[in-house]
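This briefing goes through one protein chain, topic by topic. Have the sequence and the 3D view open while reading.

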Amino acid sequence: MPSANEPGTTRRRAPRRNWIQEERRQTLGDWVAFCVSCGHTLRYFEESEPEVPRACPQCRAEVRRRCPACDARFPSAFQVECEECGAPVREAELFGGPIRKPGR
Ligand SMILES: [Zn+2]
Ligand SMILES: [Zn+2]
């Protein structure tokens with residue numbers, strides 16, 4: 001019978017922690033969709049994109065998961081412009097004020 005103190009238990013600790021981080025990222029999903037009205041954010045996997053709700057569970061507004069201009073997916077919940085084409089994808093006011101203030 002092997003004892004409880006097997007060698008290798010401590011050695012395995014670091015890679016295992018990376019595993020958990022990787023697993024968590026994958027559980028959340030690789031891509032982001034968000035409500036255009038209240039900013040509610042959803043994460044999803046490429047293969048589960050059809051399951052992303054079209055209406056926000058909180059306010060029933062449109063949930064956006066693709067750039068309206070070029071159809072690119074969103075890798076980050078905090079972007080206000082499409083990474084591919086620069087088109088505005090959400091209201092910057094959601095973050096407490098416009099990022100670029102016209103005039104002034
Ligand atoms: Zn909403
Ligand atoms: Zn785009």
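This is a predicted model: local features need pLDDT of at least 70, side-chain atom pairs count only at pLDDT 80 or more; totals for chains, interfaces and linings use all residues.

Along the sequence they follow the pattern α-β-β-β.

**The chain as a whole**
- The protein chain has 104 residues, and 9% of them are buried.
- Of the contacts between residues at least 6 apart in sequence, 26% join residues at least 24 apart.

**Strands 1 and 2**
- Strand 1 covers residues 31-35 and pairs with strand 2 in the antiparallel sense, over 4 bridges.
- Within this pair, A33 stands opposite L42 of strand 2.
- The two strands form a hairpin with 5 residues between them, where G39 takes a positive phi near 85 degrees.

**The nonpolar core**
- The largest nonpolar core has 9 residues: W31, V32, A33, F34, C35, C56, C67, F74 and V89.
- In soluble globular proteins, nonpolar side chains tend to be buried together.
- V32, one of the core residues, touches T41, R43, F74, P75, S76 and A77, leaving aside residues up to four places away in sequence.
- F74 is therefore both a contact of V32 and a member of the core, where membership requires a buried residue joined to others through C-beta atoms within 7 Å.

**The loop between strands 2 and 3**
- A55 lies in the loop that runs between strand 2 (41-44) and strand 3 (63-64).
- Is A55 buried or exposed? A55 is exposed, because 11 other C-beta atoms lie within 10 Å and the cut-off for exposed is 12 or fewer.
- Setting aside residues up to four places away in sequence, A55 touches R60 and V63.
- The C-alpha atoms of A55 and C35 are 7.8 Å apart, although the two residues are separated by 20 residues along the chain.
- R60 is in the loop between strand 2 and strand 3, and its phi is near 70 degrees, a positive value in a residue other than glycine.
- R60 counts as exposed because it has 12 other C-beta atoms within 10 Å.

**After strand 3**
- D71 is found in the segment after strand 3.
- D71 is not a glycine, yet its phi is positive, at about 75 degrees.
- Why does D71 count as exposed? D71 has 10 C-beta neighbours inside 10 Å, so it counts as exposed.

How values were computed:
Residues are numbered from 1 along each chain as its sequence is written. Chains are lettered from A and ligands numbered from 1 in the order in which they are written. A residue is buried if 20 or more other C-beta atoms lie within 10 Å of its own, exposed if 12 or fewer, and partly exposed in between; C-beta atoms are placed from the backbone. Two residues are in contact if their C-beta atoms, placed from the backbone, lie within 7 Å. Two strands pair if DSSP finds at least two bridges between them.
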